Amino acid sequence: MTEITDTPFAERLIAFRHELHRFPELSHQEFETTARIRAQLEQYQIRILDLPLNTGLVAEVGQPDGPLVVLRSDIDALPIEEQSGVEYRSQNPGVMHACGHDFHSTAALGAAILLKNNESHLKGRVRILFQAAEETGLGAPDVINTGALKQAFAIFGLHNDPTLPAGVIGSKAGALTASVDRFSITIKGTGSHAARPHEGNDPIIIAGQLVGALQTLISRNAPSADNAVVSITQIHSGSTWNVIPDNAWLEGTVRTFSPATRQLIENRFRTLLAGFGHAFDADITLDWQAGPPSVINDARWADFALQQASDSGFEARVVEASPIGEDFAFYQQQLPGAFVMVGTGQQYALHHPAFRINDDVLLPTSRYLASLAENALKQQETA
């Protein structure tokens with residue numbers, strides 16, 4: 001690869017990430033973010049595909065007729081008021097890059113520039129996705145529907161991980177992240193005076209018992225070797241101290257790591273609610289919203305990604321699966337690939353208002369992505 005002087009290039013990448021960080025945009029609203037990325041790609045004469053995407057874009061480097069490998073990054077931010085204290089903090093009130101998507105997209109931009117600098121030596125094509133709306137779980141299907149993955153043989157993606165030390169890249173074959181399902185439950189009882197509960201059907205009593213019963217979906221239904229979580233995150237009912245209300249409402253999430261356990265938990269969830277409705281003579285309805293499936297890494301490409309991490313100067317680690325959600329999983333339903341976690345060694349967790357990114361990891365991550373794509377093309381040529 002033709003050398004790009006490290007210090008000036010690193011400084012340019014850091015400056016661009018800080019620019020993205022100052023002006024974060026929520027899912028499906030990333031118009032300025034897309035324009036900023038487009039301007040950088042055009043400056044380096046990197047091809048941008050003409051695809052029907054409202055936000056986000058897809059770039060391509062390499063030989064038009066060769067095999068195709070895909071790199072994926074994401075560009076959207078979160079509805080969080082920033083409290084990081086950095087001088088380049090968000091200028092958009094109530095919106096923050098608290099998940100590091102500014103880091104991901106800048107690392108992918110750096111990789112695109114490095115690959116462009118070595119374009120004549122590539123053994124095929126590299127397509128770089130700057131994907132919108134990862135936080136909603138809807139961005140990846142939008143890209144897939146454009147046909148951007150057609151003819152690709154593999155896809156790679158990454159996410160920063162503040163719990164891993166800087167200089168570490170972690171991954172594993174099989175399930176790496178959880179499937180994400182969201183549910184809301186409405187219990188319709190009968191209100192009454194708090195002093196005369198026998199004249200009504202108390203939805204709060206039903207909700208209280210339901211919270212405990214839902215935990216048995218994991219402890220008594222999910223295989224003990226499978227990790228799974230049911231969390232109730234909101235309960236709302238009533239409006240005053242001396243009235244039993246008519247209704248109660250609960251919301252939460254289910255996280256699982258295998259398709260079989262995911263379906264099992266949903267089925268048992270519905271059966272349990274039906275039983276509670278019958279037992280308590282109440283109308284209980286469920287709104288189940290299926291989110292991204294589990295990221296399940298192809299064994300060949302997961303091993304390859306870790307080997308490339310080691311060859312690129314990172315410490316490569318096999319890590320445990322994480323219960324976070326990631327819509328990269330939708331791409332893996334279309335073609336094999338691997339997702340990796342890039343350590344940044346920071347104090348605050350993802351989605352925390354004080355979340356920060358270690359800029360020292362940015363250029364090495366760009367170089368890693370570029371070598372990952374370049375060497376995947378070489379391996380595919382000789383396979």
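Helix α2 has 13 residues and reaches 18 Å from its first C-alpha to its last, close to the 18 Å expected at 1.5 Å a residue. The expected span is 1.5 Å times one less than the number of residues in the helix. Helices (H or I, at least four residues) and strands (E, at least two) are DSSP runs, numbered from the N terminus.

This is a predicted model: local features need pLDDT of at least 70, side-chain atom pairs count only at pLDDT 80 or more, and totals for chains, interfaces and linings use all residues. Residues are numbered from 1 along each chain as its sequence is written, and side-chain values use heavy atoms, with hydrogens and water left out.

Which residues of α2 are buried? They are T33, T34, I37 and L41. They cover an arc of only 95° around the axis, which puts them on the same side of α2. The arc is that of the directions from the helix axis to the C-beta atoms. Buried means under 20% relative accessible area, exposed over 50%, and partly exposed in between (1.4 Å probe, protein chains only). On the other side of α2, F31 and Q43 are exposed.

The cover over the buried residues of α2 includes α1, β1, β2 (57-62), α3 (101-117) and β4 (125-131). Contact means heavy atoms within 4.5 Å.

Just after α2 comes Q45, with a positive phi of about 55°. Q45 sits in the loop between α2 and β1 (47-48). Q45 is exposed, with a relative accessible area of 64%. Most residues other than glycine have a negative phi, and most peptide bonds are trans.

Two packed helices are described by the angle between their axes and the distance between the axes. Here axes are lines fitted to C-alpha atoms, for helices over the stretch in contact, and angles run from 0 to 180 degrees between N-to-C directions.

Take α1 (residues 6-22) and α2 (residues 31-43). Their axes come within 10 Å and cross at roughly 160°. The contact is made by F16, E19 and L20 of α1 and T33, R36, I37 and Q40 of α2. α1 and α2 are therefore roughly antiparallel to each other. Angles under 35 degrees count as roughly parallel, over 145 as roughly antiparallel, 65 to 115 as roughly perpendicular and the rest as oblique. The crossing of α1 and α2 is right-handed. That label applies if the near helix is turned clockwise from the far one by less than a right angle; anticlockwise is left-handed.

Helix α9 (residues 362-382) also packs with α1. The two axes come within 9 Å and cross at roughly 100°. That makes α1 roughly perpendicular to α9. On the α1 side, the contact residues are D6, F9, A10, L13, I14 and R17. They meet L362, L363, S366 and R367 in α9.

**Helix α6**

Helix α6 (residues 259-280) has 22 residues. From first C-alpha to last, α6 reaches 32 Å, close to the 32 Å expected at 1.5 Å a residue. Its buried residues are T261, R262, I265, E266, F269, L272, L273, F276 and G277. Seen down the axis of α6, they fall within an arc of 140°, so they line one face of the helix. On the other side of α6, P259, A260, A274, H278 and A279 are exposed.

What do the buried residues of α6 pack against? The partners are β8 (179-188), α5 (203-219), β10 (228-237), β12 (247-256) and β13 (283-290).

Just after α6, D281 takes a positive phi of about 55°. D281 is not a glycine. Its place is the loop between α6 and β13. At 68% relative accessibility, D281 counts as exposed.

T253 lies in strand β12. T253 touches V180, D181, R182, F183, V229, V230 and S231, leaving aside residues up to four places away in sequence. T253 and I155 are 98 residues apart in sequence and 28 Å apart in space, C-alpha to C-alpha.

Q332 belongs to helix α8 (residues 328-332). The C-alpha atoms of Q332 and I296 are separated by 7.3 Å, with the two residues 36 apart along the chain.

| Residue | Relative accessible area | State |
|---|---|---|
| T253 | 15% | buried |
| Q332 | 15% | buried |
| Q45 | 64% | exposed |
| D281 | 68% | exposed |
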